[in-house]
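Here is a short briefing for a first look at this structure.

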Amino acid sequence: MSFPQTDLPFAVRRSGIQGVGGFATRPIAAGTRIVEYAGERLSPSEADSRYPEVTGERHHTYLFAIDDTVVVDAAVNGNEARFLNHSCAPNCDAVIEDGRIWIEAIHDIEVGEELVYDYAYVLEERHTAAAKKRFPCHCGAITCRGTILAKKR
Ligand SMILES: C[S@@+](CC[C@H](N)C(=O)[O-])C[C@H]1O[C@@H](n2cnc3c(N)ncnc32)[C@H](O)[C@@H]1O
Ligand SMILES: [Zn+2]
């Protein structure tokens, strides 16, 4: 099942995790394709030069790396999918199909629940304690790993 991309089943409002997030406005069944993570397609080097890392600063972008060659920047031509937060105990997953990213429900989701997926960010550098600190997680899950970086490389 999927929703027309002009009539999405979630609304963007303030989130207890960080900034704003997306909250279900209708029940969403497990397996539903909810929204495309849309945006401008860049090469990793274009993305790096657009968003140079500032040492010691918390990281915040709307980038999603599809693979080693394509990064989607939802800050340009993106939609509401860019406001979905990360959780270490997610109810959604980001699925890549034919070079496009789709956010799909992995559990049944009730009205009012925040839609979250595991960002599993991978850095070029090692995921040291210092790196994890630059990408902290505030998802609040009992199983929170403390960072939005991927568990392992
Ligand atoms: C795609 S945006 C998500 C929307 C964001 N909350 C906002 O208000 O624009 C991604 C950024 O949100 C923040 N974020 C998302 N999930 C988070 C989490 N679980 N803990 C802390 N920050 C998070 C990080 O700064 C991340 O770089
Ligand atoms: Zn977490």
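In this predicted model, a polar backbone atom of His86 lies 2.8 Å from a nitrogen atom of ligand 1. The protein covers 96% of the 570 Å² of accessible area that ligand 1 has on its own.

**Around ligand 1**

- An N or O atom in the side chain of Tyr62 is 2.7 Å from an oxygen atom of ligand 1.
- The side chain of Asn85 has an N or O atom 2.8 Å from a nitrogen atom of ligand 1.
- Ligand 1 is surrounded by 20 residues. Gln18, Val20, Tyr62, Arg82 and Asn85 are the closest.
- Sorted by class, this shell holds ten nonpolar, eight polar and two charged residues.

**The largest nonpolar core**

- In soluble globular proteins, nonpolar side chains tend to be buried together.
- The largest nonpolar core here has 23 residues. Those touching the most other members are Ile28, Ile34, Val35, Tyr37, Leu115 and Tyr117.
- At least two residues of this core come from each of strand 3 (33-36), strand 8 (92-97), strand 9 (100-105) and strand 10 (114-117).
- Strand 9 contributes the most, with three residues.

- What does Leu115 contact, leaving aside its neighbours within four places in sequence? Its partners are Phe10, Gly22, Ala24, Ile28, Ile34, Leu84, Asn85, Asn91, Cys92 and Ile109.
- Another core, of nine residues, lies apart from the largest one. Its members include Cys88, Tyr121, Cys137 and Leu149.

Definitions and conventions:
Residues are numbered from 1 along each chain as its sequence is written. Chains are lettered from A and ligands numbered from 1 in the order in which they are written. This is a predicted model: local features need pLDDT of at least 70, side-chain atom pairs count only at pLDDT 80 or more; totals for chains, interfaces and linings use all residues. Side-chain values use heavy atoms; hydrogens and water are left out. A nonpolar core is a set of buried Ala, Val, Leu, Ile, Met, Phe, Trp, Tyr and Cys residues joined through side-chain atoms within 4.5 Å. Buried means under 20% relative accessible area, exposed over 50%, partly exposed in between (1.4 Å probe, protein chains only). Helices (H or I, at least four residues) and strands (E, at least two) are DSSP runs, numbered from the N terminus. Contact means heavy atoms within 4.5 Å. A residue is near a molecule or strand if one of its heavy atoms lies within 4 Å of it. A polar contact is a pair of N or O atoms within 3.5 Å; within protein, one must be able to donate a hydrogen and the other to accept it, and residues adjacent in sequence count only if both atoms are side-chain atoms. Accessible areas come from the Shrake-Rupley method with a 1.4 Å probe; for residues, only the protein chains shown count as cover. Ala, Val, Leu, Ile, Met, Phe, Trp, Tyr, Cys and Pro count as nonpolar, Asp, Glu, Lys and Arg as charged, and the others, Gly among them, as polar.
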